[in-house]
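The paragraphs below lead through the structure shown here, from its overall surface to individual charged pairs. Please keep the sequence at hand while reading.

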Amino acid sequence: LLALPLLQSLELSGCAALRELGPGLAAALPALHTLVLRGNALGPAGLGAGLGGPLPALRLLDLSGNGLEALPAALGGAGPAEEEEAAAAPAFPQLRSLNLSGNRLRELGPGLARAAPQLQALLLSGNRLRALPGGLLPPAGGGAALPGGPFPLLSRLEAADNEVEELGADIAALPALKSLDVGNNQLRELPAALADCPRLKEANFRGNQLKDKRLEKMVNGCQVKAILEYLRAGGRGKGKAESAREEARKKKREKQQKKDGRDGEQDELEEASKLLVKVLHISENPVPLVVKATPGVKDVRPFIVCCVLKGVNLKPGNALKRFLTAQTKLHEDICEKRTAATIATHDLQLIKGPLLYDVQPPDELKITPLGRKEIKAKDLLRQLQLEAEEQRKQKKRQNVSGLHKYLQLLDGKDNYPCLVDAEGVVISFPPITNSEKTKIRKQTRDLFLEVTSDTSLQICKDVMDMLILKIAELNRLTLENNEDSGSDNESDALCGPVNLNPSQNVQPMNLPLVVEQVRVVDTDGNLKVLYPSKTDLTTVSSLLTVIR
């Protein structure tokens, strides 16, 4: 293992005998960008000497489901060289996602902010934390100041199912915080400082016995915006008069409520109730779709998660275009420019099952790409490469757009991954494109969703969770806008795998989308993955009501 200096992704999971990492891992694998160590027996002290040096390229580190009782020294935890390390360069300068869920952590140290200054997602659910942020943020005036402050990019913080008794006012010191989950803890109060988090849009406070019973009801029903407004206005027992600015906001809200003819809290409850998804169990489906994965995908792109989504309406206005834009953002963010995972969507009515997830040589794989004629994979990539070079010359810059950005993801592959229908037609060629055969149009009602990855199965599930949430959000937006059906303009679907934006303007507004489970099996019929299972969609449960 230590003789693979170009290794970029490593997963060692589910090994009860793995108690610490051997020395030299960081020095031997400098190119590592994904390290998954889920469900082992690491701890309680940490990782041993395995991460004794910096990993400058590491973007994702998953240490969930271990026995860690303290933050490892490599991640800024207490250690003998703590003072010297404080002045050293960050050990993980590119780390974006850190998963410490399902351990036994009781506190966090401020060293993490220095070890991973670019951290965007910190997952701490299922530990024994008593306070948040607690020791995560350096004390004011203590130690050398961090450029831009601690965690300037941290947008997602999850600490559900801990023992948190105090949510500190310094939570407002996280300027980029968008999503906060502190559900199922021991909180009695929520700090008014939450209202000072400028970007906070998603939050879960359910499962806490709050003193303010009105606030507790809002937590279980209203959207985040209403909760923050309540905290901003003083909440319960604050004793301070509202400022003139808050009075003006209050009057404006009252005026709007009278105009709408309904109470503000009721409006928030109705709005939240629209984000509904019903899961159809495979045993309830008379004709379930099955995907069979061949052994060959293991060495190329081993992970795939699929499901069927029914009840969408792509006709109104710019609904389809909006989701094309949203999916592009998903590819750029959570999919890490398709290096971590790739999303593909299809018109279910145009698919002939069962499906085969397979690999084929570049000179044998044939596909009809979106907006193009049938072509061999190797010729398609050559054609795209020529287009990219021409694009660079015309725009006189190095960056390229569209599919041309992803050509390097297949470098060095002897076989290419593909999804094939029962008629032998290739309908997907990840991470490059889909087939024109299953292209989604405004008339599409039922969708087949597919997420593939060469990194991990969990990343596929996380991306699928976010995709379904985005569909539900955009569905609600389309309904509220009450748009008319627009022209069937699909030109922007030529830039990558087909996209979608569900909406239901011909159905009751609270009718849920239906997600049908899809099994992925091996060639002998043994189950590899079922999505969504009982544990799926939990990462978005604070924003999405799932009926199982």
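The accessible surface of the chain amounts to about 25300 Å², and carbon and sulfur atoms account for 50% of that surface. The model is a predicted one, in which local features need pLDDT of at least 70 and side-chain atom pairs count only at pLDDT 80 or more, whereas totals for chains, interfaces and linings use all residues. Residues are numbered from 1 along each chain as its sequence is written, and side-chain values use heavy atoms, with hydrogens and water left out.

The chain has 548 residues, of which 49% count as buried; buried means under 20% relative accessible area, exposed means over 50%, and partly exposed lies in between (1.4 Å probe, protein chains only). It contains 10 helices and 24 strands, both taken as DSSP runs numbered from the N terminus (helices: H or I, at least four residues; strands: E, at least two). Among contacts (heavy atoms within 4.5 Å) between residues at least 6 apart in sequence, 72% join residues at least 24 apart.

A search of the whole structure finds 17 salt bridges, a salt bridge being a side-chain nitrogen of Lys or Arg within 4 Å of a carboxyl oxygen of Asp or Glu. Glu11, Arg38 and Asp62 are joined in a network of such bridges.

Glu216 forms a salt bridge with Lys213, with the closest N and O atoms 3.3 Å apart. The two residues are three apart in helix H4 (residues 213-221), so about one helical turn separates them. Glu216 is buried at 16% relative accessibility, while Lys213 is partly exposed at 49%.

Another pair connects two strands. Lys310 forms a salt bridge with Glu516, the closest N and O atoms being 3.1 Å apart. Because Lys310 belongs to strand E13 (residues 303-310) and Glu516 to strand E22 (residues 513-521), the pair ties together parts that are 206 residues apart in sequence. Lys310 is partly exposed at 28% relative accessibility, and Glu516 is buried at 9%.

A further pair involves loops. In the salt bridge of Lys437 with Asp421, the closest N and O atoms are 2.5 Å apart. Lys437 sits in the loop between strands E20 (433-434) and E21 (446-453), and Asp421 in the loop between strands E18 (416-420) and E19 (426-429), 16 residues apart. Lys437 counts as partly exposed at 27% relative accessibility, whereas Asp421 is buried at 4%.

Technical notes: Areas by Shrake-Rupley, 256 points an atom, 1.4 Å probe, with all protein chains shown as cover.
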